[in-house]
Amino acid sequence: YMSDDIQIGDELLFYHSKQAKPAVVGIAQVCAEAHPDSSAFNKKDEHYDPKSKQENPTWICVDVCFVKKFKNPVTLHDIKTNRELNDMMVAQKGSRLSVQPVSAQHFKAIVALGG
């Protein structure tokens, strides 16, 4: 998704997955095209990956800019128990992707819940 589908100007939901209650906490916007993640090439970085090569990078990232922090974080539990949202990819059993597409309908519903 990151290298093929995400474009400059796209808004995205910012989701904290590594906390006690995973939640969507705000909105960000893509402000640079997809590019190789330079941390994968830095031997001193914790994300260094010796298998990733400059000519054929394994890891891709985009730069994002802050848009808005939600007044009310929208937890994964909220998403899974909301009939309008429970078919989102993040709510599916075994879903582990850190970047996932979100429909316009789901995006609007999350933003409304977030205040």
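## Pocket, core and one buried serine

Serine 39 sits in the loop between β2 and β3; strands here are DSSP runs (E, at least two residues) and helices are runs of H or I of at least four, numbered from the N terminus. This is a predicted model, where local features need pLDDT of at least 70, side-chain atom pairs count only at pLDDT 80 or more, and totals for chains, interfaces and linings use all residues. Residues are numbered from 1 along each chain as its sequence is written, and side-chain values use heavy atoms, without hydrogens or water.

Serine 39 counts as buried because its relative accessibility is 13% (buried is under 20%, exposed over 50%, partly exposed in between; 1.4 Å probe, protein chains only). Beyond neighbours within four places in sequence, serine 39 contacts Asp45, His47 and Tyr48 (heavy atoms within 4.5 Å).

The largest nonpolar core has 14 residues (buried Ala, Val, Leu, Ile, Met, Phe, Trp, Tyr and Cys joined through side-chain atoms within 4.5 Å). Val24, Phe70, Ile79 and Ile110 have the most contacts inside this core. β2, β3, α1 and α2 each give two or more residues to this core. Its largest share, three residues, comes from α2. Valine 24 touches Phe70, Ile79 and Ile110, among others, not counting residues up to four places away in sequence.

Four elements each supply at least two residues to the lining of the largest pocket:

| Element | Residues |
|---|---|
| β1 | 11-16 |
| β2 | 23-36 |
| β3 | 60-75 |
| α1 | 76-81 |

β1 gives the largest share of this lining, five residues.
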